[in-house]
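Please look over the sequence and the model before reading on.

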Amino acid sequence: MIRKMRAFILIIFMISQGILLGQTDDFHREIMEMMALKGDEVTASVSFHEVFPKLQRNFANKKIEPEVWQELQNDEAEQVKEYLAQGAFAYRQFLSREEVRSLSNFYASDAGQKYAMQQGLGSKDQKLVDQFFKTQAGQKIIEKSDSIALALDQIKKEWSETLFKKKMRQLIKGGHLKN
């Protein structure tokens with residue numbers, strides 16, 4: 001439990017430092033690009049769209065027009081990018097720049113894409129995936145995958161909660177939640 005709390009506090013600290021500095025260095029951008037190749041961008045987009053049915057259920061009695069809901073979704077690309085920027089800290093905490101580059105190269109390959117998208121692998125692709133996971137970067141991913149997944153889950157949860165609150169504030173500010 002203490003270990004999880006330390007990881008959580010470290011992630012929050014790193015996120016706040018990134019926000020306070022207002023800049024993303026090259027390594028951070030490389031991680032974000034790797035995350036996009038891995039499919040995290042698609043996952044974040046799905047999570048973005050999952051927020052709106054929850055909001056609509058909570059405010060069903062307010063009879064909010066469909067155009068308002070559509071307008072609330074106009075910043076999807078910005079919100080997904082924010083998730084990737086936050087999520088990059090989970091990888092940065094555990095992987096070196098060279099390991100991230102190896103992962104990017106792997107996920108950019110046909111076999112890596114099939115693996116990331118959990119598609120069936122032919123024998124040739126399975127051999128390439130197995131070869132990757134025998135490399136130093138592959139071994140590191142195997143070793144740190146639970147820690148990275150835990151950090152990403154926490155970041156995704158907080159990002160989703162923040163997004164929900166932001167959209168609720170937009171509804172209030174737009175006067176859509178008045179009685």
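The structure holds 8 aromatic pairs; rings of Phe, Tyr and Trp (its six-membered ring) pair if their centres lie within 6.5 Å, with planes under 30 degrees apart counted as stacked, over 60 as edge-to-face and the rest as tilted. This is a predicted model, in which local features need pLDDT of at least 70, side-chain atom pairs count only at pLDDT 80 or more, and totals for chains, interfaces and linings use all residues. Residues are numbered from 1 along each chain as its sequence is written, and side-chain values use heavy atoms, leaving out hydrogens and water.

**Aromatic residues**

- Phe-48 and Phe-52 form an edge-to-face pair, at 5.2 Å centre to centre and 65° between the planes.
- These two residues, Phe-48 and Phe-52, lie 4 residues apart in helix α3 (residues 40-58), and are therefore separated by about one helical turn; helices (H or I, at least four residues) are DSSP runs, numbered from the N terminus.
- Phe-48 is buried, with a relative accessible area of 0%, and Phe-52 is buried at 2%; buried means under 20% relative accessible area (1.4 Å probe, protein chains only).
- One aromatic cluster is formed by Phe-106, Tyr-107, Tyr-115, Phe-132 and Phe-133.

**Helix α6**

- Among the buried residues of α6 are Phe-106 and Tyr-107, together with Glu-99, Val-100, Leu-103 and Ser-104.
- Seen down the axis of α6, the buried residues fall within an arc of 165° (taken from the directions from the helix axis to the C-beta atoms), so they line one face of the helix.
- The buried residues of α6 pack against α2 (26-38), α5 (76-94), α7 (110-116), α8 (123-134) and α9 (136-173), where contact means heavy atoms within 4.5 Å.

Note on methods. Buried < 20%, exposed > 50% of the residue type's maximum accessible area, 1.4 Å probe, protein only.
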